Amino acid sequence: MAPYRAHRRILTASLVGTAVEFYDFYIYGTAAALVFGPLFFPSESESAQLMLSFMSFGLAFFARPVGAVVFGHFGDRIGRKSTLVASLMLMGGSTLLIAFLPTYAMAGWIAPLLLCILRFGQGFGLGGEWGGAALLAVEYAPPGWRGRFGMFPQLGAPVGFIAANGLFLLLGLWLGDDDFADWGWRIPFLVSAVLVGLGLWVRLKIRETPAFAEAMEKEPPVGVPMGELLRSHALTTLAGTFAVVACFAIFYLATSFALAHGTTALGYPKEEFLLIQLGAILFLALGIVVAGYWSDGASAQRVLGWGCAATVLIGFVFGPSLASGAWGIVALGLSASLFVMGLVYGPLGVWLPGLFPVRVRYTGASVAFNVGGIIGGAGAPIAAQWLSDQGGTSFVGLYLGVAGFLSLLGLLLVRKRVVAA
């Protein structure tokens, strides 16, 4: 436990940023599933409203690679710490401003335009967040502890999810549907300011990572990290991108899509379903911890391989369990899905940065993670809705099967690669 205590500030700084990231993304995803359709996207069809709302949700995924290139550029040139502070400020500021937006009834087309602009800003800031947080943890890790240190940024996901889900659950219990749609949905976006303030306070007190400082002493930074990445590490970046797909696909199907589909098409009560998800997310945390310790005992590559294979299997049971109508089976299906996500998400904190040398590591890890997010996450709710329309809820898991195979392909592309120091 000594390394944990000695580096507790670093580990907290890496965890809190990703907690804010997932809190921000999940409160938007939940609001998009529950209220953003009628508030910002008027339409005669409820299905069309939901589709437009999810499209605005997906917009941030396309902003993330742009942010990854920009923040990766500065993270590889001027350092991890200052870049992480800037990304957190942009991400948190965009989220906070959503709380003050007018609705379509108040401002017409300006309302969805502003929503989409802030959603883009949210994604742009997020593009530099995960890669920097992972590097902060892994580049401080003592020998033999990289998997366990690398799991801390990943644990921000269940922390952020629990905070967001729990807040929405409380609001659902305190407020009626009309009050929630009228003003209650703004509260989670306001509360994000507290988490962002905590994240800034912790990050401003840390030092630059030893690996980056040592690399800068040996040679000057790369002029254009993205150019170096494309010239010398294109195949590795592609492999990393594919490997990320499975975790994003599971997360957004088991959270945003499951909530929207479950409380509309399947008719589950909203508060009960949120409570089921709140319990299931604990299995994500468990999967991440198991993966972190397993990665140090075996290898991150091996853990990812088993997790991707399990993703394919989960694809066969996800849809039928969601549509079962029995709370126990729904809970079991979501819990199993999110535990498997922990096995494919937990090792990424050490595996992805390890694919790249220090001089382009921020850019490489960030670009791979966020482009993989487009493939696995941006289209997940939309593809799942389409599959459900074509063949019912039981078909939804096909998307997970494809995502699992694609991530296995990514692992195969670098199976003989020695992880960088």
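**Figure 1. Salt bridges in the predicted model.** The chain holds 10 salt bridges, each defined as a side-chain nitrogen of Lys or Arg within 4 Å of a carboxyl oxygen of Asp or Glu. Side chains of opposite charge can pair when their charged atoms come close. This is a predicted model, in which local features need pLDDT of at least 70, side-chain atom pairs count only at pLDDT 80 or more, and totals for chains, interfaces and linings use all residues. Residues are numbered from 1 along each chain as its sequence is written, and side-chain values use heavy atoms, with hydrogens and water left out.

**Figure 2. The Glu21–Arg64 salt bridge.** The N to O distance is 2.9 Å. Glu21 belongs to helix H2 (residues 8–40) and Arg64 to helix H3 (residues 46–77), so the pair ties together parts that are 43 residues apart in sequence. Helices (H or I, at least four residues) and strands (E, at least two) are DSSP runs, numbered from the N terminus. Glu21 and Arg64 are both buried. Buried means under 20% relative accessible area, exposed over 50%, and partly exposed in between (1.4 Å probe, protein chains only).

**Figure 3. The Arg203–Glu129 salt bridge.** The closest N and O atoms of Arg203 and Glu129 are 2.5 Å apart. This pair links distant parts of the chain: Arg203 sits in helix H10 (residues 186–203) and Glu129 in helix H7 (residues 129–138), 74 residues apart. Both Arg203 and Glu129 are buried.

Figure 4. Lys270 has a relative accessible area of 17%, so Lys270 counts as buried.

**Figure 5. Asn370 and helix H18.** Asn370 lies in H18, which covers residues 361–378. Its relative accessibility is 1%, so Asn370 counts as buried. Leaving out residues up to four places away in sequence, Asn370 touches Phe61, Arg64, Pro65, Ala68, Leu126 and Gly127. Contact means heavy atoms within 4.5 Å. Of the 18 residues of H18, 15 are buried, so the helix is largely enclosed by the rest of the structure. At 1.5 Å a residue, H18 should span 26 Å, and its end C-alpha atoms are 24 Å apart, which agrees. The expected span is 1.5 Å times one less than the number of residues in the helix.

**Figure 6. Helix H6.** H6 runs over residues 110–126, 17 residues in total. At 1.5 Å a residue its span should be 24 Å; the end C-alpha atoms are 24 Å apart, which agrees. Its buried residues include Ala111, Pro112, Leu115, Leu118 and Arg119.

**Figure 7. The largest nonpolar core.** This core has 121 residues. A nonpolar core is a set of buried Ala, Val, Leu, Ile, Met, Phe, Trp, Tyr and Cys residues joined through side-chain atoms within 4.5 Å. Phe36, Tyr345, Leu348 and Trp351 touch the most other members. H2 gives the largest share of this core, 16 residues. Neighbours within four places in sequence aside, Trp351 is in contact with Ala239, Gly240, Ala243, Ala300, Gln301, Leu304, Leu411 and Val414.

**Figure 8. Ala164 in helix H8.** H8 spans residues 146–174. Ala164 is buried, with a relative accessible area of 0%. Not counting residues up to four places away in sequence, Ala164 touches Tyr23, Tyr26 and Ile27. Ala164 and Ala105 are 59 residues apart in sequence, and their C-alpha atoms are 26 Å apart in space.

**Figure 9. Leu400 in helix H20.** H20 covers residues 398–413. Leu400 counts as buried at 0% relative accessibility. With neighbours within four places in sequence set aside, its contacts are Ala249, Ile250, Leu253, Thr311, Ile314, Gly315 and Phe318. Ser337 is 63 residues from Leu400 along the chain, and 9.8 Å separate the two C-alpha atoms.
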